[in-house]
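Have a go at each one before reading its solution.

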Amino acid sequence: MKIWSREMREISEEKDTNGEVLWVWCYPSTTATLRNLLLRKCCLTEENKLLHPFVFGQYRRTWFYITTVEVPDSSILKKVTHFSIVLTAKDFNPEKYAAFTRILCRMYLKHGSPVKMMESYIAVLTKGICQSEENGSFLSKDFDARKAYLAGSIKDIVSQFGMETVILHTALMLKKRIVVYHPKIEAVQEFTRTLPALVWHRQDWTILHSYVHLDADELEALQMCPGYVAGFVDSEVSNRSDLYDVFVNLADGEITIAPLAKEAMTMGKLHKEIGQLIVQSAEDPEKSDSQVIQDISLKTKEIFTNLAPFSEVSDDGEKRVLNYEALKQRRFPPATENFLYHLAAAEQMLKI
């Protein structure tokens, strides 16, 4: 598996003693749109706001990872109060890029020049490793993508939302749009990065947009996605019902289904069974988060097994499609039939 992409960029931004933010250095070059977005994300431009040591997110299939540090008096950077190191890449792996950006930050604090950072960056890009006794060593193969997928805690989500966790599971199964709000970005990122694990069979973290601002270019990019998990720290997002099918107010512990999504998200006996399984598994002190994910995944496979008898090969012979008449003849409870129909739609199994 290719860990490091040549699409990866290294970027440095500084805030000087006059309060001005400077885009100091970038390799390779980037677009003006991405540059403006990264300046917005790094938080150096916001007055009297808390600095976030590490944030990550996605914009048009490019992941960004940003580490921001305060410059101590002992540093060679005498006119700089804070700086951010940004890496952009094609893979989701916050722990990997957090570790690497921390090393790059230590190098910049020590040398005050991008040259040493560039040497380490090229070493990791070409060999997957950089070594430094004083600033730390980094080995890319230590950071497996699967570990990144499992880094969040499903048990914490269930602890907060209990049976309502099945709403999140259903929304993800049906590839709906989930928006999560909390004023603290760290809470948003921890929660949102975990949600794709509820549909582990897909192992698709491209649906994750963990740090979104209410800016036109970001919202335009987000709305091009058929289904997503998007995180916001601006409370105004609660009034943007055009952005979500399910809204999670993480600060208040509330989950709301948007009016237009209620028909597809109708809950019934099957959802109650799934919800009970999720809660029972998550509340078992003997089970790890990965075991809870495995339990949910097995139940998910059972659902697809139930759907299989009502599918048939399409006319062009390329894929399986839903035989809706066969599904109706099975006389499932209305909510179950409705869910299986919308699941088939999400899996692109409807006849066109």
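The protein has 12 helices and 14 strands, counted as DSSP runs (H or I of at least four residues for helices, E of at least two for strands) and numbered from the N terminus. This is a predicted model, where local features need pLDDT of at least 70, side-chain atom pairs count only at pLDDT 80 or more, and totals for chains, interfaces and linings use all residues. Residues are numbered from 1 along each chain as its sequence is written, and side-chain values use heavy atoms, leaving out hydrogens and water.

**Exercise 1.** Work out which parts R40 and E218 tie together.

*Solution.* Start with the rule: a salt bridge puts a side-chain nitrogen of Lys or Arg within 4 Å of a carboxyl oxygen of Asp or Glu. R40 and E218 pass, at 2.8 Å from N to O. Finally, look around: R40, K41, D215, D217 and E218 form a salt-bridge network.

**Exercise 2.** Decide whether R40 and E218 are buried or exposed.

*Solution.* Take the cut-offs: buried is under 20% relative accessible area, exposed over 50%, partly exposed in between (1.4 Å probe, protein chains only). R40, at 18%, counts as buried. E218, at 6%, is buried too.

**Exercise 3.** Classify K287 by its accessibility and find its partner.

*Solution.* K287 has 27% relative accessibility, so it counts as partly exposed. Its salt-bridge partner is D295, at 2.5 Å from N to O.
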